[in-house]
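Dear colleague,

I am handing over the structure we discussed, and below it you will find what turned up when I went through it. Please read the notes with the coordinates open beside them.

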Amino acid sequence: MGVDNFLLMKTEMILTLIIFFLLSLKVFTDNKNHIALLNIANVLLCANFIFGFFSNGTGELFNGMFHTNATLALEKNILNLGTFIVSLQAFDWLKTHKHLLEFYILMLTTLLGMDFMISSGNFIMFYLGLELSTIPLAAMVNMDLEKRKSSEAAMKMILSSAFASCITLFGISMLYGTCGTLNFAEMTPHLNGTPLQLLAFIFVFVGFAFKLSAVPFHQWTADVYEGAPVPVTSYLSVISKGSIVFIFISVLFVLFRQFESMWYNMLYLTIVLTITIGNLFAIRQNNIKRFLAFSSIAQVGYILLGLSSGTWAGASSAIFFLIVYTFSNLGAFGVIALVSAHTGKEEMSDYKGFYTSNPVLCWVLTLSLFSLAGIPPTAGFFGKMFLVTAGAGKGNYVLVSIAVLNMVISLYYYLKVVKYMFMDKNEMPIVKLKGSNSLRLALAVCMIGVVVTGFASGLFENINTIIGK
């Protein structure tokens, strides 16, 4: 393999080297200095993110099974940034965890699988990446070994994921039977809309819907989010979900472009159900992780709204929103992770009077929730504006109106948390918390992203330009 070929797989190679390095630390060191190990892991993840901006080529390997270009490199680096932020936020939880290195090995293995999945040009590579990113993730959900909820969450996730993978694999097998190939480029000319191909597409679509937590395939989400440790929940809600959106864009816009009239109708129904049910169920939640679980389900509906346009501008709006969503959701989870690590409190009512003892953290959580709600001038407002504008490009204003009305409904449950923190009194408020420097850095990055990204007017145009090449 020449240097040029090596550079095409640069991201995957770097992640593999980091995984083997951490595995060597696990085998050949005593692993007692957790602070040093955490600092090493964070430096490596930061370097991985920085390297993602350099030497990004265009090409393919292994007879088209693996391919990359500027768009895919951007998508991978968004995941690298989110993983780095999650690692920084997990500092207070991991510094006393006896399975620290296992956590990083599992997390980076899932990230490696996501990268292979994003660069797949063949359904075999796609499926291998899907499984590589899913199975270790279920183990991460069970990282709180002493908690029964964590084990139950891991069991629910692995069973749900296995079911979704089987459905996807069944659809892939039918596509192979009708096309005689699993290579995306070779398969496209053979997709002529036969009944068996349409059924195969439905199975593949359902598999993606499971992974995205789109309604009605969302039932596993809240239980898994609640049972998993907070850093794992944040990784699930942002990194795992983002990777599925990225490959979903390729599958819809490239492979199944000729089925657009069919998948638009499927997206239409999925969007209405996902946004509406996600919002209505979020109102009823008392646990803050379950609350953010249903919030993330509703956010998926808005992402699908952008994709429903069938244009590359819609794909650009989805990628831009995922950047904003990364900062916003991880900002909220950063505060929740600190509270959970030091007090074990995860109920929404526990945050009553939070402003009196932790004003800075309160404002961080407030700005993150404002961005998730799409309140101007936060970045979330511009992200949702681009998605709604892209969705309106189809001329279906009924769908857009439903999405906008649901944005108004979502204000209720986001502002309810803000009311708890600023206005309600609590006889036993959460004590004043002092997070690690790593957590402070993570929250600072998230807040800069929430405030600045929306005003970076050229970012969306740059993404649109990269995708359009």
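A residue is called buried here when its relative accessible area is under 20%. Tyr-104, with a relative accessible area of 1%, is therefore buried, and Phe-103 is buried as well, at 0%. Please keep in mind throughout that this is a predicted model.

Overall fold

The protein contains 21 helices and two strands. Its radius of gyration is 21 Å, close to the 23 Å that the globule rule gives for 469 residues, so the protein is as compact as a globular protein of that length. Taken along the principal axes, the box filled by the C-alpha atoms is roughly 65 × 60 × 45 Å. Of the 469 residues, 61% are buried, and among the contacts with a separation of 6 or more, 81% are between residues 24 or more positions apart.

Aromatic pairs

Searching the whole structure gives 29 aromatic pairs. In one of them, the ring centres of Phe-103 and Tyr-104 are 5.5 Å apart and the planes stand at 85°, so this pair is edge-to-face. Another is formed by Phe-201 and Phe-259, whose ring centres are 6.0 Å apart with the planes at 80°, which makes this pair edge-to-face too, since planes over 60 degrees apart count as such. This second pair links distant parts of the chain, because Phe-201 belongs to helix H10 (residues 195-212) while Phe-259 lies in the loop between helix H12 (230-255) and helix H13 (260-283), 58 residues apart. Phe-201 counts as buried at 1% relative accessibility, and Phe-259 counts as buried at 4%. Both residues also belong to a cluster linked by ring pairs, which joins Phe-123, Phe-126, Phe-184, Phe-201, Phe-205, Phe-208, Phe-248, Phe-256 and Phe-259.

A ring also takes part in a contact with a charge: the charged end of Lys-384 sits over the ring of Tyr-302, at 4.5 Å from the ring centre.

Helix H7

Helix H7 (residues 123-141) has 19 residues, and at 1.5 Å a residue it should span 27 Å; the C-alpha atoms at its ends are 27 Å apart, which agrees with that expectation. The N-terminal end of H7 is capped by Asn-122, a side-chain oxygen of which lies 2.7 Å from the backbone nitrogen of Ile-124.

Two further buried residues

His-34 is found in helix H3 (residues 34-51) and is buried, with a relative accessible area of 14%. Leaving out residues up to four places away in sequence, His-34 touches Leu-94, Lys-95, Thr-96, His-97, Lys-98 and Leu-100. For one of these, Lys-95, the C-alpha to C-alpha distance from His-34 is 5.5 Å, although the two residues are 61 residues apart in sequence.

How values were computed:
Residues are numbered from 1 along each chain as its sequence is written. This is a predicted model: local features need pLDDT of at least 70, side-chain atom pairs count only at pLDDT 80 or more; totals for chains, interfaces and linings use all residues. Side-chain values use heavy atoms; hydrogens and water are left out. Rings of Phe, Tyr and Trp (its six-membered ring) pair if their centres lie within 6.5 Å; planes under 30 degrees apart count as stacked, over 60 as edge-to-face and the rest as tilted. Buried means under 20% relative accessible area, exposed over 50%, partly exposed in between (1.4 Å probe, protein chains only). Helices (H or I, at least four residues) and strands (E, at least two) are DSSP runs, numbered from the N terminus. A charge sits over a ring if NZ of Lys or CZ of Arg is within 6 Å of the ring centre and within 35 degrees of the ring normal. The expected span of a helix is 1.5 Å times one less than its number of residues. A polar contact is a pair of N or O atoms within 3.5 Å; within protein, one must be able to donate a hydrogen and the other to accept it, and residues adjacent in sequence count only if both atoms are side-chain atoms. Contact means heavy atoms within 4.5 Å. The radius of gyration is taken over C-alpha atoms; the globule rule is 2.2 Å times the number of residues to the power 0.38.
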